[in-house]
Amino acid sequence: NKNAIIAGATYDQLNFSFTDTSEKKSLYGLTLQIGYLHYLKQDKWKVLIVALPKLSSDNFMRSKNEFQQGGVILFTHKRRENLAYKFGLYYNSEFFGNYYVPLIGIEWKPRPQIYLYGVVPNNLNLEYKVNSKLYFGLSYINLTQSYRMSGNTFFVRNGDRFWGNIQTKFFLNYYIKKRIMVYAETGYTFFRRYEVYKSHNELSNHYFFSHTSNGALINVGIALRIRLDNKSDSQAKIIF
């Protein structure tokens, strides 16, 4: 059958520095992805369940207080060969409290060259296929994260308390081989904040992280991406 066990890992490192001093700080995150995909009712329905344990701090792997537990359950209903709807729930034990996010998504190919897919409020993508090698489009990503600060009960929160950290991007993907793609992204951020909070979510005007603000972004890299044409894509990115 088409049922599958899914496993993966994501490592993030954010580096900060003052322009007028030599002081630097970093934030680290390591997330494991362990899940199961199960098909129901002659492939008209499928359910994805994923556990997302995570370590997140400014001084990696020093304390059990850095640990977060999270997960997602996502149902997909295939209406037609070119259209599917998704709904579900995301949860993570962020350092500012239990964080629940209802999810609504879509996979839609109104034309063979046009592909709209994503799960809001987390991400949404509009892709145009020029040929078998070249794709471009627009992308929206919403990030909400928290990082434990070592030595105390403070934590850093990434993103506005209501809107999160929003990134809007134009992307270009080019396949140099069947499954090897180089990509470039450029765009702008909204509500990009790295604010320090004390316990019980009391905002602290931290001298270092309080200086972050919105700005332009540029990403370039190479990825291993397995395309399943006319179906949802599976991808794993290796960024340099």
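**Notebook: rings, cores and buried polar residues**

I started with charges over rings and found the charged end of Lys109 over the ring of Tyr115, 5.3 Å from its centre. The criterion I used is NZ of Lys or CZ of Arg within 6 Å of the ring centre and within 35 degrees of the ring normal. Arg148 lies over the face of Phe95, at 4.2 Å from the ring centre.

A note on the source: this is a predicted model, where local features need pLDDT of at least 70 and side-chain atom pairs count only at pLDDT 80 or more, while totals for chains, interfaces and linings use all residues. Residues are numbered from 1 along each chain as its sequence is written, and side-chain values use heavy atoms, with hydrogens and water left out.

**Aromatic pairs**

I paired rings of Phe, Tyr and Trp (its six-membered ring) if their centres lie within 6.5 Å; planes under 30 degrees apart count as stacked, over 60 as edge-to-face and the rest as tilted. By this rule I count 15 aromatic pairs. Phe155 and Tyr197 are a stacked pair, with 5.6 Å centre to centre and 10 degrees between the planes. Phe155 lies in strand β13 (residues 155-158) and Tyr197 in strand β16 (residues 194-198), so the pair ties together parts that are 42 residues apart in sequence. Strands here are DSSP runs (E, at least two residues), numbered from the N terminus.

I then looked up burial, with buried meaning under 20% relative accessible area, exposed over 50%, and partly exposed in between (1.4 Å probe, protein chains only). Phe155 and Tyr197 are both buried. Tyr188 and Phe190 form an edge-to-face pair, 5.5 Å centre to centre with 65 degrees between the planes. Tyr188 is partly exposed at 38% relative accessible area, and Phe190 is partly exposed at 36%. I also noted one aromatic cluster, formed by Tyr90, Phe96, Tyr99, Phe155 and Tyr197.

**Nonpolar cores**

I took a nonpolar core as a set of buried Ala, Val, Leu, Ile, Met, Phe, Trp, Tyr and Cys residues joined through side-chain atoms within 4.5 Å. The largest has nine residues: Phe16, Leu27, Tyr147, Met149, Val156, Tyr194, Val196, Phe208 and Phe209. A second, separate core has eight residues, including Val50, Leu74, Tyr90 and Val101.

For contacts I used heavy atoms within 4.5 Å. Setting aside residues up to four places away in sequence, Val196 touches nine-residue-core members and others, among them Met149, Val156, Glu202, His206 and Phe209.

Which residues does the side chain of Asn158 meet in polar contacts? I found Gln145 at 2.7 Å and Asn165 at 3.0 Å, side chain to side chain in each case. A polar contact is a pair of N or O atoms within 3.5 Å; within protein, one must be able to donate a hydrogen and the other to accept it, and residues adjacent in sequence count only if both atoms are side-chain atoms. Asn158 is found in strand β13 and is buried, with 0% relative accessible area.

Asn142 is in strand β11 (residues 134-143) and counts as buried at 16%. Its side chain makes a polar contact of 3.3 Å with the side chain of Tyr140. Beyond four places in sequence, Asn142 is in contact with Pro121, Asn122, Trp163, Gly164, Asn165 and Ile166.

Last, I looked at Thr31, which is in strand β2 (residues 24-40) and is buried at 13% relative accessibility.

Methods. Helix = DSSP H or I, 4+ residues; strand = E, 2+ residues; numbered from the N terminus.
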